[in-house]
Amino acid sequence: MANNSTEDDKSLVSMNSETENDNNTEESEKIMIIDPETEELDFNHSRLSKLENLEPLTKIKKLCFTWNLIKKIENLDTLSTLVELELRDNQLTVIENLDALVNLELLDLSFNRIKKIEGLTNLKSLKKLFLSSNKITKIENISHLKNLTILEVGDNKIREIENLEGLENLSELYLGKNKISKIQRLHTLKNLTLLSVQSNRIQCLENLTELTQLEELYVSENGIVNIEGLEKCPKLSTLDLAFNKIKKISHIDHLEELEEFWINNNEIEDWTTIEVLTANKKLKTIYLEHNPISKDPSYRRKIKLILPWLSQLDATLCR
């Protein structure tokens, strides 16, 4: 039987469950509110199958229902004070019944069975939206979320980057593990500092010229052959190009802020291409393992001679 109370905080919530005598099957637990004045409740791993009995919560700000058996978003109409709602790892198929949550700033619906982004019309205060590991095929119905700073839609079935107009305040965009073949339609995201498009079908670094504030770029596990298109991204401090098909390091000498460079598991075999990195004086960490050059018996010594300011080479600190 789950109980979210602690000795210090007598708290908040009581859960109850019953066992059927006939077949010894445990019923799903139900929510019982002990303190209607509470501002935070956590029902993580509580075997809940339904959202109900939440009406007494007049001051609630944070609700967590991760790892439950909830199939439907419902009975939240009275929770207008809610700021954070976590429903990750449930059995949801539709985004619905959120209209009353006008003060919501964080919504986590990751690891469910959702097929479409919808039902967010009234959530104009939303700042963080997490929808990873669902069955979403299209980015849509979010352009009105003017305050959104983080959008996570990784591990879905998305084929195109689209419909991001209006998200001028977006700073972090996660699109990894989808079916995207082209970087495009990002020109309105002037304040983007992090872009992750790992594990897609991208073959070319392109259409990044408007992302002048970009600090972190993750493009590992794609089909990229050349390093290019980064001329207007001078603030990059982290560049992840691991697990691609790159043979030559080029066009990054202008990245004066570069500190982390991951280019392991590529096809680099010419030592002269490493010398390009002498222009990146702030470089602290580089991953080059599983390239042809890493088979050289003097691999580590040569790298440290070329780049003596490195703090870490692959997984090992430099001395």
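**Reading a chain of loops and strands**

Author: Start with one residue. At 28% relative accessibility, Asp 155 counts as partly exposed. Keep in mind that this is a predicted model.

Reader: Why does Asp 155 count as partly exposed?

Author: Check the cut-offs. Buried means under 20% relative accessible area, exposed means over 50%, and partly exposed lies in between. Asp 155 has 28%, so it counts as partly exposed.

Reader: Where is Asp 155 found?

Author: Asp 155 sits in the loop between β8 and β9. Now look at its backbone. Its phi is near 55°, a positive value in a residue other than glycine.

Reader: Which value does phi take at Asn 97?

Author: Asn 97 is not a glycine, yet its phi is positive, at about 55°. Asn 97 lies in the loop between β5 and β6. Its relative accessible area is 38%, so Asn 97 is partly exposed.

Reader: What share of the 319 residues is buried?

Author: Buried residues make up 46% of the chain. Take Asn 112 as a case. Its relative accessible area is 6%, so Asn 112 is buried. Asn 112 belongs to the loop between β6 (106-108) and β7 (128-130).

Reader: What lies 3.2 Å from a polar atom of the Asn 112 side chain?

Author: The backbone nitrogen of Gln 91 does. Here a side chain and a backbone atom form the pair.

Reader: On to charges. What can side chains of opposite charge do?

Author: They can pair when their charged atoms come close. In this structure the count comes to nine salt bridges. One of them joins the side chains of Arg 88 and Asp 108, at 3.5 Å from N to O. This pair links distant parts of the chain, 20 residues apart: Arg 88 is in the loop between β5 (84-86) and β6, and Asp 108 is in strand β6.

Reader: Are these two partners buried or exposed?

Author: Take them one at a time. Arg 88 has 25% relative accessibility, so it counts as partly exposed. Asp 108 has 10%, so it counts as buried.

Reader: Which residue forms a salt bridge with Arg 185?

Author: Glu 160 does, with the closest N and O atoms 3.0 Å apart. Distant parts of the chain are linked again: Arg 185 comes from the loop between β9 and β10, Glu 160 from the loop between β8 and β9, and 25 residues separate them. Arg 185 is partly exposed at 34%. Glu 160 is partly exposed too, at 35%.

Reader: How far apart are the closest N and O atoms of Glu 257 and Lys 282?

Author: They are 3.0 Å apart, and the two residues form a salt bridge. Glu 257 stands in the loop between β12 (238-240) and β13, Lys 282 in the loop between β13 and β14; the pair links distant parts of the chain, 25 residues apart. Glu 257 is partly exposed at 32%. Lys 282 counts as partly exposed at 40%.

Reader: Which residues do salt bridges with shared partners join into one network?

Author: Glu 40, Lys 62 and Glu 84.

Reader: Now for like charges. Which residues gather in the patch of negative charge on the surface?

Author: Glu 267, Glu 269, Asp 270 and Glu 275 do. Look at Glu 269, in the loop between β13 (260-262) and β14 (285-287). Its relative accessible area is 59%, so Glu 269 is exposed.

Reader: And which residues gather in the patch of positive charge?

Author: Lys 71, Arg 113, Lys 115, Lys 135 and Lys 157, also on the surface. Lys 157 is in the loop between β8 (150-152) and β9 (172-174). At 40% relative accessibility, Lys 157 counts as partly exposed.

Reader: One last feature. How far apart are Thr 209 and Glu 231 in sequence and in space?

Author: Read both numbers. They stand 22 residues apart in sequence and 7.1 Å apart in space, C-alpha to C-alpha. Thr 209 lies in the loop between β10 (194-196) and β11 (216-218). With a relative accessible area of 43%, Thr 209 is partly exposed.

Methods: Residues numbered from 1 in each chain as written. Predicted model: local features only at pLDDT ≥ 70, side-chain atom pairs only at ≥ 80, totals over all residues. Heavy atoms only, no water. Patch = residues over 30% accessible without salt bridge, like charges linked within 9 Å, V, L, I, M, F, W, Y side chains within 5 Å. Areas by Shrake-Rupley, 256 points an atom, 1.4 Å probe, with all protein chains shown as cover. Salt bridge = Lys/Arg side-chain N within 4 Å of Asp/Glu carboxyl O. Lys, Arg positive; Asp, Glu negative; His and termini not counted. Charge placed at Lys NZ, Arg CZ, Asp CG, Glu CD. Helix = DSSP H or I, 4+ residues; strand = E, 2+ residues; numbered from the N terminus. Buried < 20%, exposed > 50% of the residue type's maximum accessible area, 1.4 Å probe, protein only. Polar contact = N/O pair within 3.5 Å; in protein donor to acceptor, adjacent residues only side chain to side chain.
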